[in-house]
Amino acid sequence: MLKPSSSISCSRNSALASLLFVLATPLWAIPSAQQAAAPAVRDTPARDAAPDEQNTARISGRVTSLETNRPLRRARIVMSGPGLSPARSASTNSDGRFEIRDLPAGRFTLRVERNGYLPLAYGQRRPGEPGRPLELEARESVENIDFALPRMGVLSGRLVDELGEPMPDVGIWAMRVQYYQGERKLVPIGIGGHTSTDENGMYRLIALPPGEFVVMAHTRVTWPHDTNPGQTLSYAPSYYPGTAVAAAAQRVKVGMGQEIGGIDFALIPGRTSRVSGTVVTASGAPVAGESVTLTMELLGPIGGAIFPSTNVARTGSDGTFTLTNVQPGEYRLVARAPPAGDQGSQEAQEMLQVANGVDVDGLMVVTGAGGIMRGQVVTDDGSPLPPNVDRLWVRPKLLAPSMRLMGTWTSGNGHVDKTGAFELKHLFGPLLVHVDGLSGNWTLKNVLLDRRDLADEPIEVTHGASIAGVRIVLTARPTSLRGRLTDEMLRPAQGTVVIFPEERALWRGAEKSTAGAQSRRVKAARPDQRGDYSFQGLPAGNYLVVAVDYVEEGQWGDPEYLAELALRAQRLTLTDGESKQIDLIVRR
């Protein structure tokens, strides 16, 4: 939250769109009993050409309704992974059966979708659980890849105003508490968790997984006060059963395929606010005649929405600005300064919380161009760089959601040339550095600056800073940890293996960041159909590893959850290039 006279830091401008959704987390699948055992293997005749020899595996299975056990036709199965570009897909026939042939050996993921049902990944058993990989060998035939699809959950109700009149065309969101960007908060659940009210104020949220949800309504409707036309009124983001305070919202529990109605509530009216302050450059000069905007963002790890700004003000000759009729909510404040002399354009962004009817005055908004990082990508043993080195990108992982500059992800920024040199501009705040585009055995080993390894330590970048001599060290000899996951009867199990550093300070950054990069040291893996799991490319160090029966996607980014796991985890040490095997038992 901004406070009067606080300095606002710079950040990247979000692309504005009415609604932007990303659905990335599958829900759960119910594997058949046959999947727990080793798959059946059928030899097929060898073929003459080498490519045919490499593409001789096949899979088959059946998709049914979990509720009725009846076959589902026209369900779409998508198979992806290394060696499959583009992904392979198939549709089920009238008996719900499918088959995908001519597959290469490798480790793949499967996902099935059908209208009216929740999408599932292979091996998912419970809500939010990650899917399991499917390991194929050459000429292998894996059968009984069966999915039982659950029906979508539904929440419905009616939204009214403070007088009980229906409110049409109001956005309704299903939200839940989740650990995201370093804190536990309400986040939207994705495509199925958003809808709008009809002309009668009725709404219907479909495609909901089982779970507990908070229902929120949001509209940008404003109107003048009856007796004071100079005062504008609006509605605050309102939560079921009728409150503007998220903590006071009542959670609604939805079971598998359950339809719950009667979630009726009213919008909470209130006074709009004023936001005012002054915009200056990093040198203290006022920024005159430039726009200051507010943009509302409703984002979570698997999607959300960005609402284009309706609050715009232009700075005066002294850099002052006033934004009026600001509705309650959380906003991204954006201000920019044009190029002047030998200085390029500058900008400032920060998150701003506006309470119902509370004015925010006296803001000091300081623009800047961020810092520059230059360096070289090298190998740990002096061997040649990867053949695709000019397809690599050095990227910042931002550790503060607001610290993102508009130019950070512009074309060419952070690109690695054929010599391994790179330049990364528009940086600000604490960040980690990672490399996109690595393939094969190549992994990031170190980020060296002044003889310090900062691969897992935040780098503080200030406005105008120039950081040179960064050496990003790659290795083609990654560490490897593998093993077998079994139950107490030593049968292949379907749990999850979580590995994380013994040193708690290195848990930092395990949660999803603004850049979407994940921690190098905190990982989770589900075993394949044989019970085998693996981790590749973990940095050398001391770790804790544990097998759990169930963990929700991304939950291993929560430090509180890791602290619980640490009490029963097994310690291990990985050195550079080392391979280890540890078999684990899932205890329920």
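Me: A salt bridge is a side-chain nitrogen of Lys or Arg within 4 Å of a carboxyl oxygen of Asp or Glu. Which residues are linked in a network of salt bridges?

Reply: This is a predicted model. The structure holds 35 salt bridges. Some of them form a network, and its members are Arg125, Arg126, Glu129, Arg526 and Asp549.

Me: How many helices and strands does the chain have?

Reply: The chain runs to 588 residues, and 51% of them are buried. Of the contacts with a separation of 6 or more, 75% are between residues 24 or more positions apart. As for the elements, the chain has 46 strands and two helices.

Me: Is strand 24 largely enclosed or largely open?

Reply: Strand 24 spans residues 273-280. A residue is buried under 20% relative accessible area. Seven of the eight residues in strand 24 are buried, so the rest of the structure leaves this strand largely enclosed.

Me: Which strand pairs with strand 24 in the antiparallel sense?

Reply: Strand 24 has a parallel partner in strand 30 (residues 360-366), with five bridges between them. There, Val275 has Val360 as its bridge partner. The antiparallel pairing also has five bridges, and it joins strand 24 to strand 27.

Me: Which residue in strand 27 stands opposite Gly277?

Reply: Strand 27 covers residues 320-326 and pairs with strand 24 in the antiparallel sense. Within strand 27, the residue opposite Gly277 is Phe321.

Me: Which residues have the most contacts inside the largest nonpolar core?

Reply: The largest nonpolar core has 29 residues. Another core, of 26 residues, lies apart from it and includes Trp442, Ala455, Ile459 and Ala465. Inside the largest core, the residues with the most contacts are Val275, Phe321, Leu323, Leu333 and Val365.

Me: Why are the buried residues of helix 2 on the same side?

Reply: Helix 2 covers residues 559-566, and its buried residues are Tyr561, Leu562 and Leu565. They are on the same side of helix 2 because the arc they cover around the axis is only 100 degrees.

Me: Which residues on the other side of helix 2 are exposed?

Reply: The buried residues of helix 2 have a cover that includes strand 40 (496-501) and strand 43 (541-548). Exposed means over 50% relative accessible area. On the other side of helix 2, the exposed residues are Glu560 and Glu564.

Me: Which residue caps the N-terminal end of helix 2?

Reply: The cap places a side-chain oxygen 3.0 Å from the backbone nitrogen of Glu560. The residue that supplies this oxygen is Asp558.

Me: How many residues apart are Arg62 and Asp95?

Reply: The two side chains meet in a salt bridge, 3.0 Å from N to O. Arg62 is in strand 2 (residues 57-65), while Asp95 is in the loop between strand 4 (84-91) and strand 5 (97-103). The pair links distant parts of the chain, with a separation of 33 residues.

Me: Is Arg62 buried or partly exposed?

Reply: Buried means under 20% relative accessible area, exposed over 50%, and partly exposed lies in between. Arg62 stands at 22%, so Arg62 counts as partly exposed.

Me: Which residue forms a salt bridge with Glu502?

Reply: In this salt bridge, the closest N and O atoms are 3.0 Å apart. The pair links distant parts of the chain: Glu502 is in the loop between strand 40 and strand 41 (523-525), and the partner is in strand 44 (residues 570-574), 69 residues apart. Glu502 is partly exposed at 36% relative accessible area. Its partner, also partly exposed at 46%, is Arg571.

Me: How far apart are the closest N and O atoms of Glu423 and Lys425?

Reply: Glu423 is partly exposed at 29% relative accessibility. Lys425 is partly exposed too, at 34%. They form a salt bridge, and the closest N and O atoms are apart by 3.6 Å.

Me: Which are the edge strands of the open sheet of five strands?

Reply: The order in this sheet is 33-31-38-35-36, with mixed pairing. An edge strand here pairs on one side only. The two edge strands are strand 33 (421-427) and strand 36 (452-453).

Me: Which residue in strand 36 is the bridge partner of Leu448?

Reply: Strand 35 (residues 443-449) and strand 36 run antiparallel, joined by two bridges. In strand 36, Leu448 has as its bridge partner Asp453.

Definitions and conventions. Residues numbered from 1 in each chain as written. Predicted model: local features only at pLDDT ≥ 70, side-chain atom pairs only at ≥ 80, totals over all residues. Heavy atoms only, no water. Buried < 20%, exposed > 50% of the residue type's maximum accessible area, 1.4 Å probe, protein only. Helix = DSSP H or I, 4+ residues; strand = E, 2+ residues; numbered from the N terminus. Pairing = 2+ DSSP bridges. Arc of directions from axis to C-beta. Contact = heavy atoms within 4.5 Å. Polar contact = N/O pair within 3.5 Å; in protein donor to acceptor, adjacent residues only side chain to side chain. Core = buried A, V, L, I, M, F, W, Y, C linked by side-chain atoms within 4.5 Å.
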